[in-house]
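Please look over the sequence and the model first.

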Amino acid sequence: MMKMKSEIPETAAGSVDPDKLAAEILEALKYRVGKDATVATPHDWLSASIKVVRDRIVDQWINSTKQAYERQEKRVYYLSLEFLIGRLMRDAFSNLGLLDAMRRALHSLGVDLDLIAQLEPDAALGNGGLGRLAACFMESMATIGVPGHGYGIRYANGMFRQEISDGWQIELPETWLEHGNPWEFERRERSFEVGFGGHVESVTSPHGPDRHVWKPVERVLAVAYDTPVVGWRGKRVNTLRLWSAMPVDPILLEAFNAGDHIGALRDSNRAEALTRVLYPADSHQAGQELRLRQEYFFSTASLQDIIQRHFSQYGELQSLPDKASVHLNDTHPAIAVAELLRLLMDVHGMEFDQAWDIAKRTFAYTNHTLLPEALESWPLPMFEKLLPRHMQIIYAINAQALLEARAAGRFSDEQIGRISLIQENGERRVRMGNLAFAGSYSINGVSALHTALMKETVFADLGRLYPGRINNKTNGITPRRWLIQCNPGLTDLLREAVGDRFLDDLDRLEDLHPLAEDAAFREKFAAVKRTNKEHLARYVLTRLGIRVDASALFDIQVKRIHEYKRQLLNIVETVALYDQIRSHPERDWVPRVKFIGGKAAPSYHNAKLIIKLANDVARVINRDPAVRGLLKLLFLPNYNVSLAEMLVPAADLSEQISTAGMEASGTGNMKFALNGALTIGTLDGANVEISERVGDGNIFIFGLTADEVSERRAGGYDPRAVIEGSPELSQALSAISSGVFSPDDPGRYRELVDGLYQSDWFMVAADFDAYAGMQRRVDTVWRDGPDWHARAIRNVAHVGWFSSDRTIREYANEIWNVPV
């Protein structure tokens with residue numbers, strides 16, 4: 001078998017003999033899996049193959065860890081409730097330069113690497129962009145040499161597995177650990193006690209101020225599981241440490257012997273529930289409490305681990321900010337600010353002022369959203385009941401912040417109220433975003449627009465109180481996963497055209513720009529895209545039983561289902577296009593296949609209704625002979641990293657159509673552009689910066705700007721008048737509302753449509769005509785194949801800046817103060 005050019009050159013990892021690897025695989029199969037080759041299942045071969053490569057990783061992993069200790073390197077600790085790492089086998093094999101050798105070794109044993117790779121489950125540790133960004137960042141930290149540790153939760157079931165039944169989303173448990181996880185190492189020796197509830201006692205000290213002792217009423221153990229994270233070319237291996245909850249006592253034996261067999265396992269079940277599911281539904285108090293428990297559980301375990309590591313090496317904690325940067329990935333781990341103070345004061349005997357100074361120089365915080373619900377706030381009574389000592393500490397932090405604001409003499413009472421860590425109007429709540437801001441030396445947004453809006457809106461007053469803390473770090477993606485691995489055909493073509501330098505420096509893709517005018521290169525580029533589309537078409541036929549034409553325009557919108565991401569706008573325009581195709585068969589319509597995918601939060605009614613609408617509309621359009629195959633709509637179930645790896649290389653058009661000012665950044669936009677899709681989008685999130693880099697002529701921008709959205713909302717916007725003034729929109733909404741697509745329940749979508757007439761908060765109606773008009777512009781460009789491919793090539797050439805390697809270098813140099 002010929003070596004694929006898109007794999008890492010073997011010289012970078014050393015020459016590897018496939019025959020030697022085959023022998024190692026057989027040995028691992030026999031002695032570590034316990035199977036003979038004649039009876040081994042595909043899962044056995046997968047496990048043995050991973051273990052062979054894992055052994056090579058461990059050597060470099062230990063070396064990387066030793067180096068950090070010996071050189072006393074500053075470490076970065078990245079706390080995130082999500083790590084959407086996907087499948088790891090290809091990632092590790094490719095980064096070590098072993099993919100081709102492993103393919104040959106397995107082939108000699110009668111095993112197809114690509115087939116067993118499909119058996120590796122997607123780790124169910126994330127939901128969307130937040131978790132995928134964390135995964136990209138971990139890989140880039142290892143690639144550019146940042147001593148990094150990721151901290152999160154080892155969810156047993158994680159994000160649910162989505163199935164579609166009669167068009168409705170059904171949530172099923174994701175069983176990704178069913179066959180074990182061959183990548184992870186359990187670290188029972190790294191176990192920490194986590195408490196909840198109880199009360200706080202004051203202990204009088206003859207040698208200083210009174211000491212506070214928290215007496216929790218409930219305790220669980222956090223047990224560490226480590227997964228190695230391999231950087232590009234295997235130069236460094238970092239650690240992703242995930243915490244699993246276990247009971248202090250696995251069984252209440254006295255209760256069991258007394259006949260209460262179920263009650264005897266109460267503590268065990270309660271502990272296991274902590275790390276069972278990602279984002280439990282929070283529409284009720286039990287769900288809210290479980291979320292807060294999860295956030296505190298992994299935050300305290302991580303901080304106890306960090307402190308223990310630092311103290312064992314340096315013997316003191318005053319130097320913690322010099323040797324550790326603890327990064328909060330969004331507000332979920334914000335409780336860590338109060339927890340570090342508790343540990344420093346109550347366990348290590350520091351006074352408040354000293355502990356607060358250390359904390360403010362240790363934490364950095366990335367804000368990912370301007371949505372109030374995502375900034376997180378907790379009902380004060382619930383918070384105080386669950387974490388009474390932390391409530392005391394938060395009051396102390398709040399007093400400090402409010403006294404500073406009052407002393408500054410520049411803030412009104414209303415502004416001071418917004419600075420407060422306690423929301424006083426209405427239900428009293430603890431504001432976790434404000435806690436993260438007050439306790440961090442750096443607060444960054446994730447795109448230029450998002451950061452500017454953050455300064456003007458949610459953190460305007462805190463930004464004035466603590467000037468200089470807010471900065472921007474535009475998100476990025478790892479090109480190893482999102483180009484080299486998921487699109488080997490394009491990678492081979494790029495290497496042939498511009499050489500190998502872009503493999504290590506994605507900015508070198510700029511050398512591709514002149515080839516947009518090269519007819520021969522455009523044809524090769526189009527052929528790669530066509531092959532990727534045919535691969536997706538085969539998947540759709542197998543998975544959904546629907547045949548799609550790979551020569552049609554593949555129009556893809558895949559992301560978490562949310563009203564601000566405006567899948568509804570896409571669907572309504574699809575209905576309008578459907579009406580036009582039937583009404584005007586004489587026009588030269590561009591054949592188009594629209595793909596939508598994503599999961600809705602279990603308690604998010606409108607998002608789940610939008611999924612049902614997509615499926616109802618798809619059922620009608622896909623069966624209507626009057627359409628003549630010119631338009632198809634597909635909802636792809638259970639969108640995850642592995643499905644994204646198939647969709648991204650196959651896309652012609654990338655839908656990034658969020659309401660302007662509401663998407664912090666987006667990373668899907670970057671992935672699609674890097675793989676040669678053109679973007680249709682609003683001036684929102686990183687779309688703004690993508691537009692600046694690829695040029696206005698190589699992206700389809702439409703709709704209101706963030707400022708215009710704010711003006712509409714503030715100025716008495718009348719969506720009814722807008723809808724009635726747009727015949728296409730009015731007709732499409734009438735069809736949806738009247739039950740054309742839901743004859744079994746004609747009123748199913750009436751309330752959804754009424755919301756557009758009455759408020760249209762997400763500007764679906766306001767942007768519809770501009771969106772539909774731009775889609776017809778897309779059709780015009782698509783008809784000129786060479787022009788389309790030239791624009792796509794320019795996208796690939798100019799999005800190298802969006803590599804997560806660049807982002808992490810900026811974090812390292814400008815936030816973490818770690819040399820790279």
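The points below cover the sheet, a helix across it, the cavities and a pocket.

This is a predicted model, where local features need pLDDT of at least 70, side-chain atom pairs count only at pLDDT 80 or more, and totals for chains, interfaces and linings use all residues. Residues are numbered from 1 along each chain as its sequence is written, and side-chain values use heavy atoms, with hydrogens and water left out.

**The sheet**
- Nine strands make an open sheet with mixed pairing, in the order 5-8-9-2-1-10-11-15-16.
- Helices (H or I, at least four residues) and strands (E, at least two) are DSSP runs, numbered from the N terminus; two strands pair if DSSP finds at least two bridges between them.
- Strand 5 (185-196) and strand 16 (470-472) stand at the edges with a single partner strand each, so one side of each has no neighbour in the sheet.
- From one strand to the next, the twist averages 25°.
- Strand 1 (residues 75-79) and strand 2 (residues 148-153) run parallel, joined by four bridges.
- L79 has Y151 as its bridge partner in strand 2.

**A helix across the sheet**
- Helix 35 (residues 804-816) lies across strands 1, 10 (324-329), 11 (363-366), 15 (442-445) and 16.
- Helix 35 runs at about 120° to strand 10 (axes are lines fitted to C-alpha atoms, for helices over the stretch in contact, with angles from 0 to 180 degrees between N-to-C directions; contact means heavy atoms within 4.5 Å).

**Cavities**
- On a 1 Å grid over the protein atoms alone, a cavity is a set of points where a 1.4 Å probe fits but cannot get out; lining residues have an atom within 4 Å of a point.
- A volume is the space filled by probe spheres set on the points, which are joined across faces, edges and corners.
- There are six cavities of 30 Å³ or more.
- The largest cavity has a volume of about 220 Å³.
- Its lining has 19 residues, with I85, L88, D91, V229 and V230 nearest the centre.
- Helix 7 gives the largest share of that lining, five residues.
- The second largest cavity has a volume of about 60 Å³.
- Residues lining the second largest cavity include K559, Q656 and D684.

**The second largest pocket**
- A pocket is an open set of points with protein on both sides within 12 Å along at least five of seven lines.
- The second largest pocket holds about 1,300 Å³ of space.
- It is lined by 46 residues, and R87, Q118, S642, E645 and M646 lie nearest its centre.
- Helix 23 (519-544) is among the elements that give two or more residues to this lining, and gives the most, seven residues.
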